[in-house]
Amino acid sequence: MKDIRIALLDMNNNQINQGFKNIKEISEAFRQSSTGENVSIKTFDVRFKNEIPDIEDFDIFISSGGPGNPHREGFEWEDQFSAFLDAVFQNNKISPEKKYLFLICHSFQLASIHWQLGNICKRKSYSFGVMPVHKTEEGEEEFLFKNLPDPFYAVDSRAYQFIEPDHERFESLGMKITAIEKFRPHIDLERAVMAVRFSEEIFGTQFHPEANPEGMIENLKDEKNKLAMIENFGMEKYLETIDRIDDEDKITLTQSQILPRFLDFAKKNIINRTNVLI
């Protein structure tokens, strides 16, 4: 029986977070469905306890969202996380034993800053809600988005944004922008980058693909989130979103597709690699 070892990187800095709970639930569902493999899951508290996985010990990594400034502030974990990103990226260039990494929200911003891909800056106001996400031309070919419409819907929760991508830098590193935020012609602001294919094995999203309706409702009990949603959309749209929050074609569909497809893709490649080595 093949061992598949998953490391979950908790980036919430000791704050209770619905998203990380969802990541653990998706990972556990994957473990239970993998009847032919021995799947293990270990959690690392990166920011609060300075815990970071050794990439030799794991096959798959999912790094969560989290609060605060994604730019360096002088903490010990920042160097550790940068070294971790480089280790995964370099390993996959030279080793047949590929490592699979998914980066969400805060982790996505950290990686985008680390690889100097563009301008990661503070938004004019905090964004929270169920947002339409638009595929780019490359996103139309992205297998993680295969069963999603264009646009698809995802939970957005961020004080920062990734704008003004350096397209030459993307090209030199072989990275691709696969999704951007909704086009708003009445607002003179650049559309933010919402997803990046960093490499064949590394993918990241600004939005929260792990989110589910129950978690969204729980998050809206936080007055900051509720007010941010009303400020962004108005009361009528807020009430409409609450009404549609559990629609099967919105965040429920997104949750059922992106992370599970990523895990299945990683598993298939890990098993194929093992069979070749045997």
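**Exercise 1.** How many helices and strands are there in the chain?

*Solution.* This is a predicted model, where local features need pLDDT of at least 70, side-chain atom pairs count only at pLDDT 80 or more, and totals for chains, interfaces and linings use all residues. Residues are numbered from 1 along each chain as its sequence is written, and side-chain values use heavy atoms, leaving out hydrogens and water. Now count DSSP runs from the N terminus, taking helices as H or I of at least four residues and strands as E of at least two. You get ten helices and nine strands.

**Exercise 2.** Work out the strand order of the sheet and find its edges.

*Solution.* Start with pairing: two strands pair if DSSP finds at least two bridges between them. That gives an open sheet of nine strands, β2-β1-β3-β4-β9-β8-β7-β5-β6, with mixed pairing. Next, look at the ends: β2 (37-45) and β6 (152-163) each have a single partner strand, so one side of each lacks a neighbour in the sheet.

**Exercise 3.** Zoom in on β7 and β8 and describe how they pair.

*Solution.* β7 (residues 176-181) and β8 (residues 193-197) run antiparallel, joined by four bridges. Within this pair, A179 sits opposite A195 in β8.
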